[in-house]
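User: Hi! I am new to this structure and would like to learn how to read it, one feature at a time. Could you walk me through it?

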Amino acid sequence: MTLLSVRGVSKRFGGLVAVNNVSFDVAAGELVGLIGPNGSGKTTLLNILSGLADPDGGEILLDNVPCQGLTPERLAHRGVMRMFQLTRVFRRMNVIDNLLVAGRALGLGADEALARAHALISELRLDVIRHLDAGQLSGGQMKLLEFGVCFMVPPRIALLDEPFAAVHPTMKEIMGGFIRSRHEQGQTFILVSHDMPVVVELCPRAVCMNAGAVIIDATTREVLNDPRVIEAYLGGQAA
Amino acid sequence: MSGIDVDLAVNGLITGLFYALMAIGLSLIFGILKIVNFAHGEFYMVGAYAYTLIALALGVPVWIALPLAFVVGALLGWLTERTLMRPLYAGYTSWGLMRDEYAVIVTFGLSLFLINFVDKVIGPYAYRGPPLVETSRVVLGPVLISGHRLLAAGIAIAVIAITAALIKWSFWGQQIRAVSQNRLGASLAGIDTAKASVIVFMLSGGLAAFAGALLSPVINASPDVGIFPAIKSYIIVVLGGMGSVPGAIIASLFLGVIESFGAVYISFQYRDAFGLILLMLFLLFRPQGLFGEKGREV
Amino acid sequence: MSAVLTLDNVTAGYSVDIDVLRDLSLNVDAGRITGLIGLNGAGKSTVMKAICGFLKPKAGKVVYEGNDLTGLEPHKLSAHGIWYIPQESSLFPFMTVTENLRLPLESLSRATGTPARSEIEQRFEAMLEKFPALRVKLRAQAGDLSGGQQKMVEFAKAWLMRPRLCLIDEPSIGLAPKIVEEVFEWIRLFAAEEMAILLVDHNVRRVIAMSHRIYVLSLGEITASGEPADFAGDLHEQVKQWLGINF
Amino acid sequence: MAPSSATSPAADRSGAQLSNTKTTVEFRAALVAMAIVALIPLGVSNPYWLGVLIVSMYFAILAGGWNLLAGYTGQFSLAPATFAMIGAYTTGLLNHYFGVPPLLGIVAAVVVSGLVGLLLGRAVLRLVGPYLALTTLSFAEIMRLVASNSIDITRGDLGLGVAGLLDSRVGWYYLFLGALVVLLILFYMLLRSKAGLFLQAIRDDEVAARRAGVNVVFWKTAAFAISAAASGFAGALYAHFAELVTPELGLIGQTGLIVSMTVIGGMGTLAGPVVAAFLVYVLSEWLRDVGGYQLVVFAALVVIFARFFREGLWGLARAAVQRWGRA
């Protein structure tokens, strides 16, 4: 069953085509890796999917209902949750409150939100620092916290932008384990990462973008063995 | 154009010149640090007092007191930059306040401080500064101007021209423009951005103080005399495109003339409101100012 | 071959525990092109920023011509004979091309006494011979130029400075293929002047072909290095290895 | 909801708390302070000092309302005094021209200033930093100019005579105190509800708040309207206390005083600005007797607090309590 359908989405900035007629489907429960060299348009695509940028053309269907051009808050209520590459937390609120914001905004009651926040905190091993203001956390802890924010109310689809970039191995393991267990429970993901071993390990399927376009969409093994993908990473044709 | 219209236009332009003296500095500060200095009017006030007191109390000739007022303003600008503006660019990691909040509070607080400090130390009574020339009104065709105002306008033109030329062509001016247009590029070009911000604050304080000194025979220095000129310069900086010096000069003259005509043809009571309404409308609907992005040149 | 620039176990990052670079060491040889290829986008620009002082390393040293330059303020770089062509623009959009070109040189001249004022004019003329297309654009505002023309101004600016070390970050990104060719012509022009160059570019083949020595940066660490001959084998296989794909 | 029961006691010893718990602590501290204030008339009968305290309470309401907007939501409006003026003129004009009784006028003042706040808040929704400050500043000046120049209606700077409400100064004292305590309770309930979380989230990172599903447009506008309504309420009450409404209520200097109190007390804390309003105003009256340096001292304090102690007196006190607890 198709959960998210991206159909012919494009976005240009001035003369630069950042996303060029991209189409692909994500079925419910899938964990799709989105890879590609720098500047290939992955983050712009995630921005469009999460409502931070309007596409110039094309259509995005979530549960068969068009949702392109909706605001981020509307999309959050529809179940699209986005994790940013450069972490965004509420720096002057403590860890629990950070989680509560998402829980309460998405309709949980006070007690339930608090219970879920505590559950996530122990699952992500943030117990020791749960009363610190988010601004005092280390970079890796902030990433874990943002991770938690995205799963306070299990989203229809989670869009993760480079969650593992330059993170300490222990934290990488916590996040990897978290993704794996949620995936097993049927959670749908799009995972953008440069860390190929992790993508291979986690994602059965991968989509590779280059110069704004999808160049291959297949099983992760096929994608990573495809000469076009390697060529993209060699930087052969970027324009 | 009837005689009264010419008179209104000329007097409006002259008012605009004084506005420009104020607004250039504010605009430069916005360009380089992206903040609004809410204590700008108090540099003007300090200048008016400095000129008046130096001339009256110390008996220094007005032609020496005038540049000294500039120096006092520049020193105040230097002090402000060194003590209060550093956290805006000197890599403070943990902020109890956000950058913008900090700038608003600190400059707002400085404004209150200076007003009340002067009120306490010098007193709340208005001082009339000595005019540069003791002449009665000069009649030029349909235009009627006091001698001091005419002379002050001439000096203002000269100072604005010199400032604009320095910013455009001098090496310091180029450095300042460079920092406000591209900080990365400026650093690479060997420009110390912290030093540029000190220079801008000194120039800005000096010009505002100079404007206060020049107008002190007309405005009568009092502690809160800077509030209105400051508001005028906020209006101008927004109209001219925040950060642009040519924009600020043009917007100053424009505002001066608008107010001059508006006071006669629309409403004298609300003459001060025209600019404020323009300010609100521009911020809400056209924050890039009269001249758009292209006008953002410094 | 002597190294003009040495990074000695540099660790750097933007927050307390996220180190974008870990224990990174590399040499840039005098008068040669050193290539830095980072297949997975982790840290190439950060290397540049750490060298230029925009990011102070947490550990390790940046040694240049025998002097420790770790954490130098960026505005002092050019006086040391280092120039940086960043990926983003370093141009002043509301100044003319001439002003853009002259300002760094005049700053340098005022700060260090060299070049002398007369030499500035000579250099300017010589620059126009190397970049003749700029002649008709000198009075244009830099912000009005096309992307390719702006890149040309960046290179011309660097050329005027005659640095002993030039750091070039992703010079061809976002440019049309025809202009990319020109960009690499300019880099060869720099190399011909015996400038030491540290070149970062996403086009791996080209970097390998141009460089005297190549480093592969992967997730903040140097995972391979060598001379062009060392990369002569099947590049696809090597890329897979760098990416960590082992099947 | 019972946040303290869900949190382990160990956490409370660490000194950091859920924003709910934090708000509760601050609320209790504010109530203790108000209880002390309630006792003062038992010992002080000097009408001058009672008057000083009444004006302090007027400012405490204004500082509390502005703090909700600036400290909790991060919207730096420079118009709090203006909304007090709008509230004062609403009830003043209704009373003067239509004989509307003060209590009804005060209700009307809350509604009118709240609505104007709603409109202004909606208009400035996307403005940040200096742009927001300048827009609200020009709104403030326009309103003041209108009040001061519409002489036919407002009698301009001479001021508009307004009916009184109570004869006894002590009565006024407890009326203001009651109003302040009611507002504190309302703010407390608001901040303890999800609104408190949302407002602070918007202050810290608007994009992240939207990503988390917070309706930023609604809450920012609501904060503006509530803050304006609270200011308007204070202004209306003050109008009947002073039996005079003048444009001076909307002077920039008044906003300056409100900002000073909030910054010195601690922005984004429930108790700080309210308590600081008393400290600043009472001390300033005392300093006036000593030599009139009051405003110089407070303006200097604002600058020093903003530069070095960004959490204000409340933050300093909390840090001191923590250090003492650890020792």
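User: At what angle do helix α9 of chain A and helix α7 of chain C pack, and how far apart are their axes?

Analyst: Welcome! This is a predicted model, in which local features need pLDDT of at least 70 and side-chain atom pairs count only at pLDDT 80 or more, while totals for chains, interfaces and linings use all residues. Residues are numbered from 1 along each chain as its sequence is written, chains are lettered from A and ligands numbered from 1 in the order in which they are written, and side-chain values use heavy atoms, with hydrogens and water left out.

Now the general idea: two packed helices are described by the angle between their axes and the distance between the axes. Here, α9(A) (residues 227-234) and α7(C) (residues 235-243) pack at about 75 degrees, with axes 10 Å apart. That makes α9(A) roughly perpendicular to α7(C). Angles under 35 degrees count as roughly parallel, over 145 as roughly antiparallel, 65 to 115 as roughly perpendicular and the rest as oblique. Axes are lines fitted to C-alpha atoms, for helices over the stretch in contact, and angles run from 0 to 180 degrees between N-to-C directions. Helices (H or I, at least four residues) and strands (E, at least two) are DSSP runs, numbered from the N terminus.

User: Which residues of α9(A) and α7(C) meet?

Analyst: From α9(A) come A:Pro227, A:Ile230, A:Glu231, A:Tyr233 and A:Leu234, and they meet C:Leu235, C:His236, C:Val239, C:Lys240 and C:Leu243 of α7(C). Contact means heavy atoms within 4.5 Å. Sorted by class, this contact has seven nonpolar, one polar and two charged residues. The classes are Ala, Val, Leu, Ile, Met, Phe, Trp, Tyr, Cys and Pro as nonpolar, Asp, Glu, Lys and Arg as charged, and the others, Gly among them, as polar.

User: What is the angle between helix α4 and helix α13 of chain D?

Analyst: About 75 degrees, with the axes of α4(D) (residues 47-72) and α13(D) (residues 252-265) 9 Å apart. The two are therefore roughly perpendicular to each other. D:Phe59, D:Leu62, D:Ala63, D:Trp66 and D:Asn67 make the contact from α4(D), and D:Gln254, D:Leu257, D:Ile258, D:Val259, D:Met261 and D:Thr262 from α13(D). By class, there are eight nonpolar, three polar and no charged residues.

User: What packs against the buried residues of α11(B)?

Analyst: The partners are α9 and α10 of chain B, together with α6 and α7 of chain D. The buried residues of α11(B) include B:Phe274, B:Leu276, B:Leu279 and B:Phe282. Chains B and D share the most contacts of the five pairs of chains in contact.

User: Which backbone features stand out, for example at C:Pro115?

Analyst: Most residues other than glycine have a negative phi, and most peptide bonds are trans. The bond from C:Thr114 to C:Pro115 is cis, with omega near -5 degrees. A:Asn64, not a glycine, has a positive phi of about 65 degrees, and at 60% relative accessibility A:Asn64 counts as exposed. A:Ala211 also has a positive phi, about 50 degrees, and is partly exposed at 27%.

User: Where in chain D is pLDDT under 50?

Analyst: pLDDT is the predictor's confidence in each residue, from 0 to 100. In chain D it stays under 50 over residues 1-16, while the chain averages 87.

Key:
Buried means under 20% relative accessible area, exposed over 50%, partly exposed in between (1.4 Å probe, protein chains only).
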